[in-house]
Amino acid sequence: MKDTDYDYLIAGGGSAGCVLANRLSADGKHRVCLLEAGPRDWNPLIRLPTGLIPLVRGWWCNWKYWSEPQPHMGGRRMYQPRGKVLGGSSSINAQVYIRGNAADFDRWAAQGCAGWSYEEVLPYFRRMENYEPASEPRDARFHGKGGPLNIAPRGALNPLSQAFLDAAGQAGLPATADFNGAQQEGYGILHRYHRKGERCSNAAAYLRPAEGRPNLTVITGAHVTRVLLEGRRAVGVRYRKGRAERELRAAREVIVSGGAFNSPQLLLLSGIGPRAELEKHGIPLLHELPGVGQNLQDHLDLYVVTKAKTREGFSFHPTSWWRALAGLVQYALFRRGYLTSNLAETGAFLRSAPEEPLPDLQWHFAPVVNAYHGLDLRGVFRHYGYSITINENRPLSRGRVGLHSADPLAAPLIDPNYGAEGREIERLVRGIKLARKVLAQPAFDPHRAVELVPGPQVRSDEELRHWVRHHAETIYHPVGTCKMGVDPLAVVDPQLRVHGLQGLRVIDASVMPSLIGGNTNAAVSMIGEKGAAMILRDAAGNAEAGEALAA
Ligand SMILES: Cc1cc2nc3c(=O)[nH]c(=O)nc-3n(C[C@H](O)[C@H](O)[C@H](O)COP(=O)(O)OP(=O)(O)OC[C@H]3O[C@@H](n4cnc5c(N)ncnc54)[C@H](O)[C@@H]3O)c2cc1C
């Protein structure tokens with residue numbers, strides 16, 4: 001095929017790509033093609049909420065990237081899982097529904113992203129939701145009904161998750177009823193992307209209802225290797241499917257939605273990016289944009305793990321196998337039971353010091369010991385236990401994505417530059433001390449055996465700092481590598497159009513100018529919703545049409 005067979009080509013069928021495929025094809029007027037490098041999301045582990053451990057580990061559907069050695073983190077290469085499947089990372093993620101702090105979006109607006117303050121993005125957050133939990137009256141204005149992404153209430157809590165809530169109260173921390181409502185700060189129950197006991201990925205939410213439309217084509221196993229430019233205009237893409245190399249042309253726009261690692265890689269492979277990086281790999285420079293791949297930001301995360309003397313939590317210990325079998329039968333027959341938990345049932349947003357203007361720490365509490373991205377399951381086989389994971393919300397460290405080679409199938413170079421700024425390390429140290437205070441409360445007395453990680457021997461600030469630098473990992477929220485804005489490092493403008501080119505947008509996590517305080521899937525979905533509205537508005541040639549969709 002080599003004609004303008006489609007109006008819109010979307011490179012990447014992940015969280016944002018699925019939103020775009022649905023919204024752009026909804027009115028039947030536009031021919032839309034979604035190209036996804038991975039397979040269809042048929043794997044039953046995707047639907048099973050507890051299936052996330054093998055998915056993160058990467059037996060299937062995962063790019064399984066590794067970072068460059070990180071000089072400030074003990075020289076370690078750090079694992080970087082990303083979904084390679086319809087739904088992208090929303091098909092392998094931990095299903096925690098968090099939007100971020102309202103102040104994060106106001107900061108985007110202040111950074112030159114006109115139209116992206118919290119008040120302005122709130123209609124898109126509401127539009128994407130079918131919010132099932134009962135909202136408090138004061139929080140009702142924050143939530144939507146009838147949208148594609150199903151946000152399920154939490155059923156029965158694991159007794160350890162309940163102990164966490166009780167202990168946080170005993171430690172004097174503030175509580176919140178809704179992290180996505182009027183008050184993010186505090187401890188409380190984490191809502192999740194679930195529908196009827198199954199994961200509700202962006203593919204399940206957005207793509208499934210749209211796939212029957214005659215004007216939407218979805219091609220899986222299609223690795224986009226290049227955006228095709230004619231002069232200053234993007235006119236199509238080249239992709240590889242099996243051994244075949246093909247081209248498709250777009251009458252209106254090409255939209256790059258490959259995520260924070262693959263979107264900048266695709267632009268670089270297409271000759272769009274910093275001159276030096278392209279010259280290094282012998283790629284002809286077609287459009288110089290110094291910011292492509294720069295500004296990489298991610299949340300550093302660590303675990304405080306306690307071995308339990310009770311057997312309430314999740315474990316692969318032989319004594320849990322009967323329960324697991326019963327849970328599997330219950331899940332298979334009724335989509336109920338403990339296997340419908342996404343493990344992170346409760347959490348908190350906290351200030352590590354009173355003078356912090358916003359909650360600078362996020363905690364997830366999980367009734368299981370740390371499995372190191374599912375790569376080291378020894379602890380889960382040996383112990384019952386529980387963990388508080390702690391991440392710092394607004395890192396100052398900036399890394400980059402580049403190329404290892406001009407081979408489009410090679411992994412991108414990923415250098416997050418974790419821990420380059422001491423601030424995040426200090427906050428994490430304070431976070432460990434606060435977590436230990438909560439874990440020492442009476443609510444945990446029936447469960448507590450001994451601290452496994454970092455371990456009672458790691459006590460002084462100096463020891464904790466050293467431990468953080470040698471053990472913290474990603475909590476999977478890379479953003480910022482094709483950032484939105486109007487400054488010299490901005491890659492896209494506030495309409496998500498690539499600066500200096502026509503017919504090309506980037507719409508995914510890579511456009512966030514700065515990392516939000518919270519998990520990133522909701523904000524990416526909002527970006528997909530707002531981006532689609534902008535595209536439709538431009539197509540209609542009418543300033544109100546697209547935005548009115550969100551009203
Ligand atoms: C293990 C894990 C746990 C997480 N847990 C949570 C959580 O609990 N809550 C939360 O809110 N967020 C979570 N996140 C983060 C969240 O899922 C991501 O921020 C979000 O999915 C990113 O969306 P995206 O559209 O930018 O990229 P992705 O969803 O990663 O989509 C990119 C898509 O593009 C495809 N692609 C890439 N390159 C090409 C190419 N060249 N050609 C064709 N296709 C291509 C990929 O295969 C992928 O399908 C987690 C992420 C991971 C990995």
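This is a predicted model: local features need pLDDT of at least 70, side-chain atom pairs count only at pLDDT 80 or more; totals for chains, interfaces and linings use all residues.

Tutor: A residue counts as buried when its relative accessible area is under 20%. A disulfide requires two cysteine sulfur atoms within 2.5 Å of each other. The search of the whole structure finds zero disulfides. For cysteine 113, the nearest cysteine sulfur belongs to cysteine 482 and is 13 Å away, and cysteine 113 is in no disulfide. Cysteine 200 is likewise in no disulfide, since the nearest cysteine sulfur, that of cysteine 18, lies 11 Å away. Cysteine 200 is also buried, because its relative accessible area is 2%.

We turn next to the aromatic rings. A pair of aromatic rings is described by the distance of the centres and the angle of the planes. The structure holds 18 aromatic pairs. One of them joins tryptophan 63 and tyrosine 65, with 5.7 Å from centre to centre and 25 degrees between the planes; this pair is stacked. Tyrosine 65 has a relative accessible area of 4%, so it is buried.

Elsewhere, one aromatic cluster is formed by Phe105, Trp108, Trp116, Tyr118 and Phe125.

The helices remain. Asparagine 22 has its place in helix H1, which spans residues 15-25. With a relative accessibility of 5%, asparagine 22 counts as buried. Leaving aside residues up to four places away in sequence, asparagine 22 touches Tyr206, Ala210 and Arg213.

In helix H13, residues 461-471, the buried residues are Leu464, Trp467 and Val468. Seen down the axis of H13, these buried residues fall within an arc of 100 degrees, so they line one face of the helix. An α-helix has 3.6 residues a turn, so residues three or four places apart point the same way. The cover over the buried residues of H13 includes strand E16 (300-308), helix H12 (422-439) and strand E22 (448-453).

Methods: Residues are numbered from 1 along each chain as its sequence is written. Side-chain values use heavy atoms; hydrogens and water are left out. Rings of Phe, Tyr and Trp (its six-membered ring) pair if their centres lie within 6.5 Å; planes under 30 degrees apart count as stacked, over 60 as edge-to-face and the rest as tilted. Buried means under 20% relative accessible area, exposed over 50%, partly exposed in between (1.4 Å probe, protein chains only). Helices (H or I, at least four residues) and strands (E, at least two) are DSSP runs, numbered from the N terminus. Contact means heavy atoms within 4.5 Å. The arc is that of the directions from the helix axis to the C-beta atoms.
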